[in-house]
Amino acid sequence: MKESDIIRSLFGHVPPPEDDCYFLAPDRLVTTDSLSEGTHFLHKWSSPEVLAGKLVEVNVSDITASGGVPKECFLNLGLSPTSRKKEWVLAFSKALRNSLHQYGMKLAGGDTFSSPTTQLALTVVGTVKKPWLRSGGKPGDYLYITGDLGQSLLGYQSLKKKWQGRGFKESIEKHLLPKSRHILQKPLSKYTIHACMDITDGLIQDSERLALASKGKLIIQIESVPLHSLAVKKLGLDACLGSGEELELLFLSPDILPNQIASLPVTMIGRFVKGKPGTKFLNEGKTYVPKNKGFLHFSEEE
């Protein structure tokens, strides 16, 4: 079963949620995200400090993508023979406190248990005046993305294949500890944002989700998409379009935005139009169909 089919089966006849966060009226957001050993990280690559930071960043990214500010969180900590060691726990705890302090967040509770592998899950509660929902796109909106794409996958391949060099080092850091775009939440709020999400499964999959939620078609100009040059050179176009865990913001707005906000690149890469919901990629005016969608947690054959 595909991941989307599994999620739909959990909700039965009720449509599953489409957004990064659940909106609790009048002003609350709730999100949760996990890091599982073997799926999201390996201890040989990720220190406890890195894991604590990443756990906070991926959750803050969801709150940011919904237009909110994180406030409280709850930690579920599954400790393995490796991570239950005193030095690991103390290093993780100190880094977690530092990361939470950076965002003014409070650890309000959670659960700790023994596990054969390390399992980390954080639930974050935030506040928001008016949430940015994936479903809010309107025909004529411009499609924007922050930063560039490809570095996270390049970092993973660099670790796996032991590539050396400065460019690889920067990408490894991006893969191990991606940073949320929380710095953009306040300045972006000055513009009209109709729909938003963060890039966690790659542009190919995530743009499709945005289009389906907003019930329209996204037309993306590939030549406009900001791709990391070294990643394209080493991995190819499709790999960069499918690179996940980038934590860049993908959003729809009727406004013409500057190409840089809070010192971060913001690039217009397409339009949202009426039509059959989905994404259409164009490369120099011709339809382009990526050969793979990027990482999938579950295949259709399972």
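**Surface patch, cores and a buried glutamine**

Phe11 lies in helix α1, which spans residues 3–11. The structure is a predicted model. Phe11 counts as partly exposed, because its relative accessibility is 36%, between the limits of 20% and 50%. Together with Ile7, Leu10 and Val14, Phe11 forms a nonpolar patch on the surface. The accessible area of this patch is about 380 Å².

Other nonpolar residues are gathered in cores. In soluble globular proteins, nonpolar side chains tend to be buried together. The largest nonpolar core here holds 25 residues. Within this core, Val56, Phe92, Met105 and Leu120 touch the most other members. At least two residues come from each of β2 (28–36), α2 (48–65), β3 (69–79), α3 (86–102) and β5 (119–127). Helix α2 gives the most, with 6 residues. A second core is separate and has 20 residues. Ile222, Leu250, Ile269 and Phe272 are among them.

Residues up to four places away in sequence are not counted here. Phe92 then touches Pro48, Leu51, Ala52, Leu55, Leu75, Leu77 and Leu120.

Gln151 is in helix α4, residues 151–161. Gln151 is buried, because its relative accessible area is 14%, under the 20% limit. The side chains of Gln151 and Ser171 are joined by a polar contact of 3.5 Å. Neighbours within four places in sequence aside, Gln151 is in contact with Glu170, Ser171, Lys174, His228, Ala231 and Glu246.

Technical notes:
Residues are numbered from 1 along each chain as its sequence is written. This is a predicted model: local features need pLDDT of at least 70, side-chain atom pairs count only at pLDDT 80 or more; totals for chains, interfaces and linings use all residues. Side-chain values use heavy atoms; hydrogens and water are left out. Helices (H or I, at least four residues) and strands (E, at least two) are DSSP runs, numbered from the N terminus. Buried means under 20% relative accessible area, exposed over 50%, partly exposed in between (1.4 Å probe, protein chains only). A polar contact is a pair of N or O atoms within 3.5 Å; within protein, one must be able to donate a hydrogen and the other to accept it, and residues adjacent in sequence count only if both atoms are side-chain atoms. Contact means heavy atoms within 4.5 Å. A nonpolar core is a set of buried Ala, Val, Leu, Ile, Met, Phe, Trp, Tyr and Cys residues joined through side-chain atoms within 4.5 Å. Patches are made of residues with over 30% relative accessible area and no salt bridge: like charges are joined within 9 Å, nonpolar side chains (Val, Leu, Ile, Met, Phe, Trp, Tyr) within 5 Å. Accessible areas come from the Shrake-Rupley method with a 1.4 Å probe; for residues, only the protein chains shown count as cover. A salt bridge is a side-chain nitrogen of Lys or Arg within 4 Å of a carboxyl oxygen of Asp or Glu.
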